[in-house]
Amino acid sequence: MALTAPPEAQALLLDLQRIDTDLQRIAHRSRTLPEQARLDELTALNASVRESLAERENALEDARLELSRVESDVALVEKRIARDEGLVQQSSSVKDIAGLEHEVASLKTRLSDLEEIELAIMEKVETIEAEVADARSTLEAHESAVAAATEARDEALRGLARERDNQTADRADVASRIPTDLLALYEKQRERYGVGASHLRARVSSASGVELTGNDLASVRAAAPDAVILCPDSNAILVRTAESGL
């Protein structure tokens, strides 16, 4: 038996369809938020900055270890020079003194070389320290940007959630005033074809955007006002109103 429903009840399907379309739009916006895209971009950039900072910190640690080794070598050579110079002062053997003085001269050459190396490494440490400080400052700025972007994203989601809750409440109210069998058909067609109800306005179906002509238009015109009919193109329930142009 063909389904029938009062025209007023069928008209409610247009309100229901509008709400469902809005709910779909809200869901789509939730998945494609510009705020989320911005947050993803900043998060990726932040990870890159953090990685760069870790590299410079490791380089600084290596440079400081290298400096510590050279400083230790310098201290050792200075100690040996002091020891040999002391022995020169205490020795009375010309041969021993000549040997010690030769060794002291060699040690002083070695000390000079080490001090040059030490100075170069100290400059390297200072350069890397400055790079680390810059990287930390950059990371701090990026983390602040990420925090702000996170708040903006969350606020956008909260707004959409409020909008979704309002629309869901409105949908429940509208659905409660639609006959059960008509509502079931609407849900069935919406699940299958994406649209449950289509407004026929000036002979054009809103769901398909196609104007009804020929036999289709004749069939719609011949249908009883309470007959529930489907759009021949979209398969949504075709709702007729004073704007239908029949």
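Buried residues are those under 20% relative accessible area, exposed ones are over 50%, and partly exposed ones lie in between (1.4 Å probe, protein chains only). By this criterion strand β1 is mostly covered, with 4 of its 5 residues buried.

The structure is a predicted model, in which local features need pLDDT of at least 70, side-chain atom pairs count only at pLDDT 80 or more, and totals for chains, interfaces and linings use all residues. Residues are numbered from 1 along each chain as its sequence is written, and side-chain values use heavy atoms, with hydrogens and water left out.

**The sheet**

Helices (H or I, at least four residues) and strands (E, at least two) are DSSP runs, numbered from the N terminus. Two strands pair if DSSP finds at least two bridges between them; the pairings are tabulated below.

| Strands | Sense | Bridges |
|---|---|---|
| β1 and β4 | parallel | 4 bridges |
| β1 and β2 | antiparallel | 2 bridges |
| β3 and β4 | antiparallel | 2 bridges |

L200 stands opposite R240 in β4, and its bridge partner in β2 is S205. β1 and β2 form a hairpin with 2 residues between them, and A202 in the turn has a positive phi of about 55 degrees. For L230, the bridge partner in β4 is I237.

Axes are lines fitted to C-alpha atoms, for helices over the stretch in contact, and angles run from 0 to 180 degrees between N-to-C directions. Helix α3 (residues 94-176) packs against α2 at an angle of about 165 degrees, the axes being 6 Å apart. The two helices, α2 and α3, are therefore roughly antiparallel to each other, a term for angles over 145 degrees. Residues of the contact of α2 with α3 divide into 34 nonpolar, 6 polar and 25 charged. Here Ala, Val, Leu, Ile, Met, Phe, Trp, Tyr, Cys and Pro count as nonpolar, Asp, Glu, Lys and Arg as charged, and the others, Gly among them, as polar.

A75 is found in helix α2 (residues 34-90) and is partly exposed, with a relative accessible area of 42%. A75 and L111 are 36 residues apart in sequence and 9.1 Å apart in space, C-alpha to C-alpha.

Technical notes
Angles under 35 degrees count as roughly parallel, over 145 as roughly antiparallel, 65 to 115 as roughly perpendicular and the rest as oblique.
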